[in-house]
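Dear colleague,

I am handing over the structure that we spoke about, and I would be glad if you could look through it before reading my notes.

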Amino acid sequence: IVRASKFRANYFMKYTGLVSGKILEVGSSEGHFLEKLKKRGFDVVGIEPSNSYLKAIERGIFVYNDLLENVNLPDSHFDAICMFQVLEHFEEPKKVLTLLHPKLKRGGALVIETPDIYSIGVTFEKTAHKLFNKEHICYFSPENLDGLLKSLGFSKVISHHCDYDGLRLPYAKMIKKILIPLINPRFKGQLEKVLNKEVDIHCNLIQEKSCPNRKQTRVAMQRKFKDFKKFLSVPLDILFSNIAYLLDRGASFYWVGKK
């Protein structure tokens, strides 16, 4: 989270060109990003409906603890509005963006980070149902988000992929992501199969009829092993995340535009 917040703050200043001003973050969570900007001289405020806003308050960040549509925000007030891994959680993103548009000053920046449903990582998901997060209601690609925002009066400054968790382990999967598109450009991933209605997207749950305690023990051991692998992979994750950024191959993309 800390690494992601630092990246977002640096990227924000680089591509908005802002060195000061009024900043709103929708879905500000514990306030890590806003804290970074506040220390750099920005006037920041967040909106966070969950209890995680309490952590932001402890960091000295003012946060509206409510839903976006319930907050009375002034028009032509903000120099930038940011949403990181948030837009995909809204049922009607067009209404959300329409609501936010007048809150920006003329020439104000809109900054969005969201997963790319057509990212290279999606291609190599083993099971179709894992492509879709139950908390993600809408799915975006750089192309369809461009079209949506352009229709609402925003002009794009830049769109670039990023990935904080590297290109995901195990390493065999990483190698596949690099080599298979080169060896077989027509390789068909799970998403393409879903769109062609070749596979079922529903999760098939296998009921464990016996030895529930043994199952719980096995699951606990698997989690510990997975956590250990994550710990060992941190240096490589950081390396691969930077490679992903340089190659524009991350799982999410960062969109910056202006009103």
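**Helix H2 and its surroundings**

The buried residues of helix H2 pack against helix H1 (2-16) and against E1, E2 and E4, where helices (H or I, at least four residues) and strands (E, at least two) are DSSP runs numbered from the N terminus, and buried means under 20% relative accessible area, exposed over 50% and partly exposed in between, with a 1.4 Å probe and protein chains only. Please bear in mind that this is a predicted model, in which local features need pLDDT of at least 70 and side-chain atom pairs count only at pLDDT 80 or more, while totals for chains, interfaces and linings use all residues. Residues are numbered from 1 along each chain as its sequence is written, and side-chain values use heavy atoms, with hydrogens and water left out.

Which residues of H2 are buried? They are His32, Phe33, Leu34 and Leu37. H2 itself (residues 32-39) lies across E1, strand E2 (43-47) and E4, running at about 170° to E2; angles run from 0 to 180 degrees between N-to-C directions, and the axes are lines fitted to C-alpha atoms, for helices over the stretch in contact, with contact meaning heavy atoms within 4.5 Å. Helix H4 (residues 93-100) lies across E1, E4 and strand E5 (104-115), and its direction is at about 160° to E4.

Just after H2, Gly41 takes a positive phi of about 100°, and this residue is found in the loop between H2 and E2. Gly41 counts as exposed because its relative accessibility is 51%. Between Gly41 and Lys22 there are 9.9 Å in space, C-alpha to C-alpha, although they are 19 residues apart in sequence.

**The sheet**

An open sheet is formed by 7 strands in the order E3-E2-E1-E4-E5-E7-E6, with mixed pairing; two strands pair if DSSP finds at least two bridges between them. Strand E3 (62-64) and strand E6 (155-162) stand at the edges with a single partner strand each, so one side of each is left without a neighbour in the sheet. From one strand to the next, the twist averages 15°.

Starting from strand E1 (residues 22-26), 3 bridges join it to strand E4 (residues 78-84), and the two run parallel; here Leu24 has Ile81 in E4 as its bridge partner. E1 also pairs with E2 in the parallel sense, over 5 bridges, and Val26 stands opposite Ile47 in E2. As for E2, 4 of its 5 residues are buried, so this strand is largely enclosed by the rest of the structure.

E1, H2 and E2 make a right-handed β-α-β unit, a crossover being right-handed if, with the strands pointing away from the viewer, the path from the first strand over the helix to the second runs clockwise. From E2 the chain crosses through helix H3 (residues 53-58) to E3, and this β-α-β crossover is right-handed. E2 and E3 pair in the parallel sense over 3 bridges, and the bridge partner of Val45 in E3 is Phe62.

**Two residues with positive phi**

Ser76, which lies in the loop between E3 and E4, has a positive phi of about 45° although it is not a glycine, and it counts as partly exposed because its relative accessibility is 48%. Lys197, placed in the loop between helix H8 (190-195) and helix H9 (212-246), has a positive phi near 60° and is likewise a residue other than glycine; at 75% relative accessibility, Lys197 counts as exposed.

With kind regards
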